[in-house]
Amino acid sequence: MGNKLMMKLVVGTEAMFFVSLIMAFVYFSFGPGFKAQLLQHLDTKTTGIFTALLLSSSFTYWRAESNYEQGRMGRLKLWLILTLALGIVFLFGQGSEYLKLLNAHVSISSSSFGTSFFTLTGFHGLHVFAGLVIIGIITCLTFLGDYDQGQSSIIQTIGIYWHFVDIVWAVVFLIVYVAPYFV
Amino acid sequence: MMKEGFLEVPEPEEPIPDLSLSSSQGILQWISSVDHKQLGIMYLWLSVLFLVIGGIEILLVRLQLAAPNNHFIAPEMYNQLFTMHGTTMIFFVLTPAIFGFATYLLPLMIGANDLAFPRLNAFSLWATFFGGGLLYFSFIAGGAPDAGWFNYAPLNQYNYSSSLGIDYYCSGLLFAGIGTVTASVNFIVTILKYRVSSMSLKQMPLFVWMILINSFLVLAAFPSLNAALIMLLLDRQLHAHFFSATSGGSAILWQHLFWLFGHPEVYILILPIFGIFSEVFPVYSRKPIFGYAFVIGSGIAIALLAFGVWVHHMFATGLGNTVNSFFAASSLLIGVPTGVKIFNWLATMHGGAVRFRVSMLFAIAFLVEFTIGGLSGVSFAVVPIDWQLTDTYYVVAHLHYVFIGGSLFGLFSGLFYWFPKMSGRMLDERLSRWFFWLMVVGFNLTFLVQHALGAMGMPRRVYTYPDLPGWGILNLISTIGGFLMAVSVALLIYILVKAIRSGEKASSDPWDANTLEWMTSSPPALQNFDRVVPVKSTRPYRDYKRPDDADWNRPNKYGNIDGK
């Protein structure tokens, strides 16, 4: 009782956390040289592809949830594994982007662009990572038969978190990668 | 069963031992506890411990300021002491005390046997505990934080404060902040999902209502502090550029993020107190609260307004007249719902059979002191006055009138009200009155004169001052008052220990109270309730005791202003 409510509250307070980070990014983005660096170093197309993959992991998780509600354990396992795979690919994409930036000498200490970019996307990556750990655990538990009774609210509870992480990325992607081309 | 070599964690089986640490299973039972009553008590002891530490720090500061041109302590140490005093009192005294009362009382007041997530509850306590430990570890690690409790940039930057103190400030407050947020989540879920089935939201005790509102306030306010602390840690440890104005960062950003948290925080420290008073005034006046719905409504209004006023801490930073005017107006507005509450309590006393027990004395003292603090607060909302008085002792006087005259007096009021329930013992009434008068006199002696000092232009946070007319004598009075308060706190601890050791046994309902927590034994059994009376009004236990005069039986169920 109350698990889902708890997760909604946690997600609410996390949203406020990201609002602070996003505000700092937007604030700094009006500084001199910020936009030029951003446009020079960020690859919107490649990140866009990884964004699409992350957003589709919300879809796969949603399929997992509804299969669980209908008691189809086999499909539940399949969709959970797909979700995990998509999340891991996204993190891999983020890692390779970071590597590219670091090779171009853009780091957290190089400029206010580096500072706010790495902090904002890094904290989102951390949330994706935490979500993957949690989904990894429930996937293992699914294989061990913990949810066979169909009584647990845990799959939906974790779902609230995972969909939240994806929504945050949609916002971050729009603000960091897309908006500079229009503003 | 248990594997060889594993330590068997004792499950609590007997009633909670009362406030002391002694139990048949020793301290391990406390450390491993997930019982909300034990955790609540540990929160309260944690706050007493830090009250003593934070108090000693400020006594040293007051000694240094007792005379002009004094050289009792070095300036570096002075900065560390006042910084640690403020940080300790806000994050490790007032906050844990409030959360201790909430943790202890919420389930009892709503007829539940525990919080929604007992283990998360234990996590919240220990996160707060380790946060405090981390903060104080900085003394050993080469120097405590020394940039004030608000830790302004650029003072918090590495080139101004190169000891590790501020890094410990960040990590300690992060820990404690996470504990506060998780506790608030726990409270909200408990209140909304675990009330006894017959209790509607409109029948909840007002303390529970204020905790509910407060918890939402915590969830909305703390993330910006946490974000700011993380950014500062990145600045200091990984050479990021958030707050350093020389390399593209912004010092004002720190102030925005900090006060976006910090202003709601001062309401986080007062809303639950309003809840405590809304329990205390009716019981000791033998009347229902006047304007139950107004108390809730004004609480919600305060919580919402709290987020629209943070810039009034920054009037002097040069943000421009438009910004200042907007935030001046919103700051003046917040006096309205607060005033509504004051009149709710005055009207509750009006015509009642008032019993002047120590708890009620603190409640009445609060009305006076908090009103003074509120009025000096309103004077800051007027921008030109703020420009004149900001960063003087007038601010120090104001904030202590609301933090001590408001929050701390409320906590004392709650302590004297609920102590018999928590410990099963009565406090020594005569000594308690001594404590009350020493505290009130000491408090006013310390801080009333600081209004004058501030108006005379004495800046805050200076470690010494020249021998200007009046400054020396007023500071001396202030220091004497501070020591009077210290004596009173020592007396309080003596009273508490004495009562726990050998106090008179308390009945389950010594004050003839109204709410469910007084139905169970004192101290409550491990399982709070076997059964609970059906809740049909805001005073369910009174209804049960006086069925002929029950609230739900009367045509005008809340009574009229002259009381029943």
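Which loop of chain B holds Asp391(B)? Keep that in mind while you set up the view.

**Before you start**

This is a predicted model, in which local features need pLDDT of at least 70, side-chain atom pairs count only at pLDDT 80 or more, and totals for chains, interfaces and linings use all residues. Residues are numbered from 1 along each chain as its sequence is written, chains are lettered from A and ligands numbered from 1 in the order in which they are written, and side-chain values use heavy atoms, with hydrogens and water left out.

**Stop 1: chain A**

Select chain A and show the cartoon. There are 6 helices and 0 strands; both are DSSP runs numbered from the N terminus, helices being H or I with at least four residues and strands E with at least two. Read from the N terminus, the order is α-α-α-α-α-α. Along the principal axes, the C-alpha atoms of chain A fill a box of roughly 60 × 30 × 25 Å.

Now colour chain A by accessibility. It has 183 residues, and 50% of them count as buried. Buried means under 20% relative accessible area, exposed means over 50%, and partly exposed lies in between, with a 1.4 Å probe and protein chains only.

Chain A exposes about 8500 Å², of which carbon and sulfur atoms supply 71%. The areas come from the Shrake-Rupley method with a 1.4 Å probe; for residues, only the protein chains shown count as cover.

Next, draw the contacts (heavy atoms within 4.5 Å). Take those in chain A with a separation of 6 or more: 79% of them come from residues 24 or more positions apart.

Finish with the charges. Chain A carries 9 positive and 8 negative side chains, and the centres of the two sets lie 7 Å apart. Lys and Arg count as positive, Asp and Glu as negative; His and the chain ends are not counted. Each charge is placed at NZ of Lys, CZ of Arg, CG of Asp or CD of Glu.

**Stop 2: cis prolines in chain B**

Go to Pro154(B), in the loop between α4 (118–137) and α5 (165–193). The peptide bond from Ala153(B) to Pro154(B) is cis, with omega near 0°.

Then pick Pro523(B), between α16 (471–502) and α17 (540–545). Its bond with Ser522(B) is also cis, at an omega of about -10°.

**Stop 3: positive phi in chain B**

Stay in the α16–α17 loop and select Asp512(B). This non-glycine residue has a positive phi of about 55°. Asp512(B) is partly exposed, at 22% relative accessibility.

Last, Asp391(B): the loop runs between α13 (383–389) and α14 (393–423) of chain B. Asp391(B) is not a glycine, yet its phi is positive, about 65°. It counts as partly exposed because its relative accessibility is 36%.
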